[in-house]
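Here are some notes for a colleague who is opening this structure for the first time. Please keep the sequence and the 3D view at hand while reading the points below.

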Amino acid sequence: MTKVKRNFKSSLFANLFGKPEHKEHLLLLCNALNGTNYPLDTKVEINTIEGAIIVGIQNDVSCIIDNYMNLIEHQSTINPNMPLRGMLYCSKLYDKFVEENNHFIYGTRLVEIPTPRYYVLYNGNDKYPDCKVLKLSDAFVHKEGNNGYEWTATVLNINVGHNEKLMKACSMLRDYALFVAKVKANRAQNMSIKDAVMKAVEDCINEGILADYLRKNKAEVDELILSCTFEEAMAYEKRDHEAEMAKKDQEIAEAEAKAADAEAKAAEAIAEATNAKAELSKVNAQMEELMAKMAEMQKQLDEATKNNK
């Protein structure tokens with residue numbers, strides 16, 4: 001079995017919108033995201049860097065339409081670092097663009113580049129607004145003095161019930177969201193990932209959701225289902241690893257707590273000893289003062305006795 005490191009949602013999304021044979025799907029998605037209305041015969045240049053993984057991000061879909069660079073990521077977890085990750089990936093796309101077009105960027109002539117548009121499509125389980133714009137500047141150590149530099153990621157919630165206007169404008173994205181919702185519902189019934197996906201495929205075909213795609217792309221769907229077995233195994237391995245790390249973290253935290261408690265008790269004992277020493281010094285001073293007074297009285301007594309003789 002081929003080890004598929006991406007989860008079923010990312011794999012399905014990339015298959016639906018990132019394959020050359022599905023350019024129509026991608027064009028309709030970009031139209032919906034950008035509020036454009038490019039006809040179906042518009043040139044769509046898919047420039048996804050296959051197999052590229054940069055700081056943990058694997059590009060789902062990227063394309064150039066009418067000199068706009070559309071970078072679209074699928075995300076099932078909330079990640080505030082998407083602006084940084086997207087900027088790093090987009091820099092690779094611009095490297096590719098400059099090389100393929102033989103542009104010379106060290107000369108005096110301005111090299112024009114496609115205008116970037118960066119979207120993150122979120123369909124995880126945590127609550128999230130319909131739309132949220134994340135800014136790279138939020139990560140800057142110094143918030144002032146950045147000379148206006150910015151890079152943004154527009155995060156759109158594509159779970160069922162969110163962004164209805166977007167879903168209406170792109171039926172393929174809507175059907176994708178419905179498919180994922182069915183998988184989630186099946187998982188909630190304690191099905192394995194593989195069984196949850198298989199049942200979702202069957203139900204969607206029967207209900208006319210992604211039906212043509214699921215029928216015509218059986219090989220891709222079978223690979224998708226096979227990948228789920230690997231994903232589930234990785235999930236269990238990750239869970240066990242996280243449990244082991246959590247146990248170690250707990251042991252470290254307990255040891256640190258004990259050390260802190262011992263340190264606090266030692267500090268308390270030192271403070272008590274210091275106070276006792278101060279009290280003893282005070283008593284010694286009082287004793288010395290009393291001895292001095294007694295010596296003075298004895299001197300006076302001796303003088304009085306001598307005078308009486």
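**Notes on the predicted model**

1. Among the contacts in the protein with a separation of 6 or more, 60% are accounted for by residues 24 or more positions apart. Please keep in mind throughout that this is a predicted model.

2. The protein contains eight helices and eight strands. Of its 309 residues, 36% are buried, while the accessible surface comes to about 19,800 Å², with 54% of that area belonging to carbon and sulfur atoms.

3. On the surface, a nonpolar patch is formed by Val283, Met287, Leu290, Met291 and Met294, which together have about 480 Å² of accessible area. One of these residues, leucine 290, lies in helix H8, which spans residues 218-308. Leucine 290 counts as partly exposed because its relative accessibility is 44%, a value that falls between the limits of 20% for buried and 50% for exposed.

4. Asparagine 163 is found in the loop that runs between strand S8 (152-157) and helix H4 (164-169), and with a relative accessibility of 14% it counts as buried.

5. Leucine 210 lies in the loop between helix H6 (193-207) and helix H7 (211-216). Is leucine 210 buried or exposed? With a relative accessible area of 4%, leucine 210 is buried.

Key:
Residues are numbered from 1 along each chain as its sequence is written. This is a predicted model: local features need pLDDT of at least 70, side-chain atom pairs count only at pLDDT 80 or more; totals for chains, interfaces and linings use all residues. Side-chain values use heavy atoms; hydrogens and water are left out. Patches are made of residues with over 30% relative accessible area and no salt bridge: like charges are joined within 9 Å, nonpolar side chains (Val, Leu, Ile, Met, Phe, Trp, Tyr) within 5 Å. Accessible areas come from the Shrake-Rupley method with a 1.4 Å probe; for residues, only the protein chains shown count as cover. A salt bridge is a side-chain nitrogen of Lys or Arg within 4 Å of a carboxyl oxygen of Asp or Glu. Helices (H or I, at least four residues) and strands (E, at least two) are DSSP runs, numbered from the N terminus. Buried means under 20% relative accessible area, exposed over 50%, partly exposed in between (1.4 Å probe, protein chains only). Contact means heavy atoms within 4.5 Å.
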